[in-house]
Amino acid sequence: MKDRYLDFVNSSFGAGVARSIGLPRPEVLRRHRADQPEFGGMAAIGAGPSPALFDALVDVLHAIGMTSVAHESAHGWLPVANRHGAMSGRFEPHARDSVASDRVQALLFDATGIADSSDLASLYGFFHDALRSVARSGRIIVLGRPPEACANPRAWTAQRALEGMTRSLGKEARGGISSNLLQVAEGADIEATLRFFLSPRSAYVSGQVVRIAAVPVEKPADWTKPLAAKRALVTGAARGIGAAIAAVLAAQGAHVIGLDVAQARDALDQTMLAIEDASPSGGAHAALLADIAAPEAPAEIASALLAMGGIDIVVHNAGITRDKTIAKMAQDAWDSVIDINLSAQERIDDALLAQNVLHEGGRIIGVSSISGIAGNLGQTNYATSKAGVIGRVESMASVLRARGITINAVAPGFIETQMTARIPLAIREAGRRMNSMSQGGQPVDVAETIAWLANPASAGISGNVVRVCGQSLIGA
Ligand code: NAI
């Protein structure tokens, strides 16, 4: 679905009109394109006292070909960069009249050593100096510690305070700049997550807090195909977000099994054909017809996947809405939404786990919704089911840890699909603009976030719910 307003105000004629009458002009977000470099430019580094992640940060920046400049708060950065043979210099705040090419692509702040509220002044110093220096569609990433892992209440308090800072920066930055907080446990590997948040793949993810645990991590041999040799089931793959998930997982090397109902056979075939055309060497994709809510579905899906040799990634994307206020809602509208969006997923996971169809080190990714976080008028059934998806992530993460399986969910905000195209115009416009990016997201934004969670190097991320909502005001 097209956002005509965004196209208009970014056309040469529309931009002039918007400027002269003061209309807001949402940024055309930079998204991943296979024919463009994923990374480049410079990151400005800031830090609180005793930063612990300089070595890890230098390593990743070096690996992805980004250079760095150190703000005065990060005085220990230059020796570390030199030791790793990485190019670095001193940060100079961006002058108001300097050209766009002087700007940095990212601001990275190592807050891991912040252990008292008085240390938070270092954040003020860095972001006060540096916020105006970020390029359009740039990135702000603050790295801290999980608060409850802190040694004392003061450190816990100060680490918790980082959330308010990071989320506010996302609201102030504008220009398609995202701002996210990574809570990194001691010894956790940050590469997959840093790559995702520094890249255009995370274009519509802002205001999020991601927790990374210290677990053994398998790094992909080729970061452009991190899912090579992995098999992924995507439910509801015929169209919309599911089709985008199937395409992105396949582009990253996975063999995709796209599942949808029999009525969607033609659309599913088209989706799977398009994927094969886009990655002709892959070739091992398959279409599976099933109603996930049918009583026989879990056993049938499990045996079909077992016949292929099992599965590494399960994406529970299939979902429906049957909106009505509770007083007017028919019993069937309640039952079918809860069953398809939540109970069917539980039954399928049970079958896949009982027979070890989902391999050790596997990934389960649910698709929740900001309705499941904030609630929504006319969506008691849908919001209940989507909050249940979050409950599943919270309740299953520790159960699955022994098998090295991670479980996470994405919670999309307003995404441009057939589902949102049906919303009445005024409500649609409000949903679309009420976020820090002033626009709806694309199905690919959800798909890229899922691909990052599916990455073998994301083993330390489990029990997280990541909103893909452009930092929507709803449920924030
Ligand atoms: P969509 O309606 O375009 O696609 C859903 C797909 O799931 C369809 O191909 C449909 O045939 C399939 N499906 C439905 N019931 C099924 C069943 N019983 N068995 C197998 N397949 C079934 O929806 P869209 O917009 O692509 O949404 C995908 C997911 O994202 C859903 O879970 C939805 O709740 C969620 N979501 C979407 C948002 C949006 O803005 N579009 C926002 C938040 C969440």
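A: A salt bridge is a side-chain nitrogen of Lys or Arg within 4 Å of a carboxyl oxygen of Asp or Glu. Side chains of opposite charge can pair when their charged atoms come close. This is a predicted model, and a search of the whole structure finds 20 salt bridges.

Q: Which salt bridges does Arg 432 form?
A: Arg 432 pairs with Glu 429, the closest N and O atoms being 2.8 Å apart. Both residues belong to helix H15 and are three residues apart, about one turn of the helix. Arg 432 also forms a salt bridge with Glu 416, where the closest N and O atoms are again 2.8 Å apart.

Q: Is Arg 432 buried or exposed?
A: Buried means under 20% relative accessible area. Arg 432 has 4% and is therefore buried; Glu 416, with 3%, is buried as well. Glu 429, at 26%, is partly exposed.

Q: What surrounds the ligand?
A: The ligand is surrounded by 27 residues, the closest being Arg 239, Ile 241, Asp 260, Asn 317 and Tyr 382. By class, this shell has 14 nonpolar, nine polar and four charged residues.

Q: Which atoms lie 2.8 Å and 2.9 Å from an oxygen atom of the ligand?
A: A backbone N or O atom of Ile 241 lies at 2.8 Å, and a side-chain N or O atom of Lys 386 at 2.9 Å. The protein covers 93% of the 840 Å² of accessible area that the ligand has on its own.

Notes
Residues numbered from 1 in each chain as written. Predicted model: local features only at pLDDT ≥ 70, side-chain atom pairs only at ≥ 80, totals over all residues. Heavy atoms only, no water. Near = heavy atom within 4 Å. Polar contact = N/O pair within 3.5 Å; in protein donor to acceptor, adjacent residues only side chain to side chain. Areas by Shrake-Rupley, 256 points an atom, 1.4 Å probe, with all protein chains shown as cover. Nonpolar A, V, L, I, M, F, W, Y, C, P; charged D, E, K, R; others polar. Buried < 20%, exposed > 50% of the residue type's maximum accessible area, 1.4 Å probe, protein only. Helix = DSSP H or I, 4+ residues; strand = E, 2+ residues; numbered from the N terminus.
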